[in-house]
Amino acid sequence: MSQDRSPFDIAIEQFDNAVRYLDIEPGIADVLRQPKREVTVALPVRMDDGSLRVFTGYRVQHSVAMGPSKGGIRYHPNVTLDEVKALAMWMTWKCAVADLPFGGAKGGIICDPKTMSRDELERLTRRFTAEIAPVIGPMVDVPAPDVNTDAQTMAWIMDTYSAHAGNEQLAVVTGKPLGVGGSRGREEATGRGVMITAMEALRARRMDLTGVTVAVQGFGNVGSVSARLLQEAGATVVAVSDSCGGIYCPSGLDISDVLRHKAESGSVVGYPGTDSITNGEVLEVPCQVLVPAALEKVITGRNVDRIQAEVIVEGANGPTTPDADRVLFDRGVTVVPDILANSGGVTVSYFEWVQNLQAFYWSEEEVNARLRDYVTRAYREVQAVAEAKGVDMRVAAYIKAISRVVQAVTLRGV
Ligand code: NAD
C-alpha cells in the first residue's frame, strides 16, 4: 500500500479485506463503509492579541449500532475530514473487538496548539463544544483525549456541555482529571493493555515475560508505561526511543531511571551506559518483543526483513503497513494489531463512563482487574478466529469486530 493513500481509503481496504471472510448482506456492508454523521463547524475565537480567527473543527460519528459513539478529539495542523473519518471507523472496530457497548467517532480541529496560549485553547475548546453540543452527549457520542488534547481539555468540554444542558453531565467525555469524574488507572490503561496482550501473545508461543527481551519505539504515554509494566512483569527492556533518538543496552535498562533522565534532560538519549541508536534502529535490535508506540507506518516493506522480534505489539495506531504484515505473517511473527493491543485506553474510558453514570467510583485495583479481564478475553477471542480461519491477528480482529457490529445493525433493522 503506497504511503500516499488517504487514511479513509486504507480504512475501507482493511474493512473489505475482512468482509470477504464474512457472509454479510452487501447493503449492510455499504452502511458500514460510510460514517453515519459528519459535522463541520466554523469556530471564531478571539486571540490574545485582540484579533479574531476562525478555526475549522470536525466531529464524525461512524456507527452507533453498538451504543453511543466514542472517540477522541485531536488538535493538529494536519487534521483533515478524511483522516477524522478513518479514525472514527477504526474506533468502531476497536470498541467492538473489546466488546464495549459503544460505536465509533472521532473529532478534530485544524490548529497548531504549540503556538497557542492556554487561554486561547480554552476559548477554542469551549466554542467547539458549544458547536457540537447538539450531536454529543452521554447517550449520544462521548469524546475523549487524542493527539494534543488532555484531561484539562476534557474538563473544559464537560463544563461547557453541562452549562448548556443546565445540569451536571460528567459522562459526556472521558479522560477527565480525577477531581471531576476521571477514573483511576486511565493514564496507565493503554500501556497496561499492551503489557497484557504481550503476555497473551507469548503464552500462545509457550513463553512468558521472564527474561524476554523487549524494544519500545516512543517513550510517551503508551511507550513509557508499556516499558515500565513489561519490566515490572519480568521482561528485560533493551532499547527505547523518543523523537530525539534511541538508546540500546543488551543487558537491560532501568526504566524508572530512564524516565527520571528524560524528565530532567528532555530525552532518553544520553542515558549513561547505553549506545545511541536511531529511531529506525530501535525496531531492528535483537529482541523477542517489539512495541512500536510512536508513529504510524514505521514497519514497512523496506525494513521488515531486518526486524528480529517474534512478537510485535502495536501500541501506536497503524505502525505496520499491509506489505510488511504479509511478510511477518509468512515468517510466523505474531503481530498483535492496534485495535486489540491499544484497546486498554478506550476500555478504561468505558469504565469511567460507567462510574460517572452510577456516581460510584472504583479503586485502582478494581479498574486494573476488570481491564485485565476485558483485554484477555478480547485477545483469546481474536486468537480463536485467527486459528479457525487461518488468518493473521489483524484480519481476525476485524472479522470479530465487524461480525459484532453487523449483528447489532441486523437486529436493529433499518
Ligand atoms: P505521546 O505524545 O505521549 O508519545 C509519543 C512518543 O513518540 C513520544 O515519546 C515522542 O517523543 C515519540 N516520537 C515522536 N516522534 C517520533 C519519531 N519520529 N520516532 C520515535 N519516536 C517519536 O503519545 P501517546 O499517547 O503515547 O501515543 C502514541 C501512539 O499510541 C499514537 O499512535 C496514539 O494514537 C496511540 N494510542 C494512544 C493511546 C493513549 O491512550 N494515549 C491509546 C490508543 C492509541
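**Aromatic cluster and ligand shell**

In the predicted model, ring pairs join Phe 102, Tyr 350, Phe 351, Trp 353, Trp 362 and Tyr 374 into a cluster. Across the whole structure, 8 aromatic pairs are found. The pair of Phe 102 and Trp 353 is edge-to-face, because the ring centres lie 4.9 Å apart and the planes meet at 65 degrees, where over 60 degrees is required. This pair links distant parts of the chain, 251 residues apart: Phe 102 belongs to the loop between α3 (81-97) and β4 (103-110), and Trp 353 to helix α12 (residues 344-358). Phe 102 is buried, with a relative accessible area of 0%, and Trp 353 is likewise buried, at 8%.

Phe 351 and Tyr 374 also form an edge-to-face pair, with 5.5 Å between centres and 75 degrees between planes. Since Phe 351 lies in helix α12 and Tyr 374 in helix α13 (residues 364-389), this pair ties together parts 23 residues apart in sequence. Phe 351 is buried, at 2% relative accessibility. Arg 377 lies over the face of Tyr 374, 5.0 Å from the ring centre. Lys 85 is placed over the face of Phe 8, at 4.5 Å from the ring centre.

A backbone N or O atom lies 2.9 Å from an oxygen atom of the ligand in Phe 219, in Val 222 and in Ser 243. The protein covers 69% of the 830 Å² of accessible area that the ligand has on its own.

Note on methods. Residues numbered from 1 in each chain as written. Predicted model: local features only at pLDDT ≥ 70, side-chain atom pairs only at ≥ 80, totals over all residues. Heavy atoms only, no water. Polar contact = N/O pair within 3.5 Å; in protein donor to acceptor, adjacent residues only side chain to side chain. Areas by Shrake-Rupley, 256 points an atom, 1.4 Å probe, with all protein chains shown as cover. Phe/Tyr/Trp six-rings, centres within 6.5 Å; stacked < 30°, edge-to-face > 60°. Helix = DSSP H or I, 4+ residues; strand = E, 2+ residues; numbered from the N terminus. Buried < 20%, exposed > 50% of the residue type's maximum accessible area, 1.4 Å probe, protein only. Lys NZ or Arg CZ within 6 Å of the ring centre and 35° of its normal.
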